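Here is a short briefing on one protein chain. Keep the sequence and the 3D view open while you read.

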Amino acid sequence: MINGSRFLLYRDDVPVGHTTGLSLTLDVDLVESTNKDSLGFQEILPGVRSGQITATGFTNYDDNVNFEELADMVLTRTSAEFFIGTATPPNGLIFQGDGFVTSVEEVAEMESITSYDLEITVTGLYTVLNGFQGQFWNTVQSFWNQVDINWNEI
């Protein structure tokens with residue numbers, strides 16, 4: 001189960017915080033094929049994989065990365081690294097990946113908290129098993145050691 005508050009998006013090693021909702025969609029294109037052994041039946045071969053992340057959150061203008069920074073990522077075509085935790089420590093999986101922010105929208109209604117909607121197109125996704133149990137520290141970038149700290153600070 002993916003928890004919307006267990007999402008980190010990095011820009012220049014600075015995490016974006018305050019997500020309240022998250023959707024992760026993974027797809028694979030299926031290529032139709034057949035051969036003489038299939039007796040005329042259609043066969044399917046897995047092809048190109050793709051993914052989409054949609055996140056919502058509250059805007060905090062005190063953060064180093066806020067709506068303006070996210071909008072800049074769209075305009076400058078900057079890729080970002082993200083982390084998604086599926087459960088709270090010590091259980092669960094961690095997904096790590098790269099992607100491009102393809103859409104960001106900020107909503108500021110009267111007498112309401114300012115929020116944002118964010119879409120990311122995934123360009124690479126990796127799964128780390130039992131990540132919260134410390135079994136991945138030697139297999140990923142050095143700032144993984146800061147991921148738990150960053151989640152607690154956000």
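On one side of helix α1, Glu-68 and Leu-75 are exposed. Leu-70, Ala-71 and Met-73 of α1 are buried. These three span an arc of only 150° around the axis, so they sit on the same side of α1. Note that this is a predicted model.

**Helix α1 and its end**
- Arg-77 follows α1 and has a positive phi, near 55°.

**The nonpolar core**
- The largest nonpolar core has 19 residues.
- Phe-7, Leu-9, Ile-53, Ile-84 and Leu-118 touch the most other members of this core.
- At least two core residues come from each of β1 (7–11), β3 (19–33), β4 (43–58), α1 (67–75), β5, β6 (94–107) and β7 (115–128).
- The top contributor is β7, which gives 4 residues.
- In soluble globular proteins, nonpolar side chains tend to be buried together.

- Glu-81 belongs to strand β5, which covers residues 79–85.
- Is Glu-81 buried or exposed? Its relative accessibility is 13%, so Glu-81 counts as buried; the cut-off for buried is under 20%.
- Which side chain makes a polar contact with that of Glu-81? The partner is Gln-96, at 2.6 Å.

**A nonpolar patch on the surface**
- Val-28, Leu-30 and Ile-44 make up a nonpolar surface patch.
- Together they have about 260 Å² of accessible area.
- Leu-30, one of the three, is part of strand β3.
- With a relative accessible area of 55%, Leu-30 is exposed, because the cut-off for exposed is over 50%.

**Positive phi in two loops**
- Leu-39 is not a glycine, yet its phi is positive, about 55°.
- Where is Leu-39? It lies in the loop between β3 and β4.
- Leu-39 has 71% relative accessibility and therefore counts as exposed.
- Glu-111, also a residue other than glycine, has a positive phi near 55°.
- Glu-111 is in the loop between β6 and β7.
- Its relative accessibility is 79%, so Glu-111 counts as exposed.

How values were computed. Residues numbered from 1 in each chain as written. Predicted model: local features only at pLDDT ≥ 70, side-chain atom pairs only at ≥ 80, totals over all residues. Heavy atoms only, no water. Buried < 20%, exposed > 50% of the residue type's maximum accessible area, 1.4 Å probe, protein only. Polar contact = N/O pair within 3.5 Å; in protein donor to acceptor, adjacent residues only side chain to side chain. Core = buried A, V, L, I, M, F, W, Y, C linked by side-chain atoms within 4.5 Å. Arc of directions from axis to C-beta. Patch = residues over 30% accessible without salt bridge, like charges linked within 9 Å, V, L, I, M, F, W, Y side chains within 5 Å. Areas by Shrake-Rupley, 256 points an atom, 1.4 Å probe, with all protein chains shown as cover. Salt bridge = Lys/Arg side-chain N within 4 Å of Asp/Glu carboxyl O.
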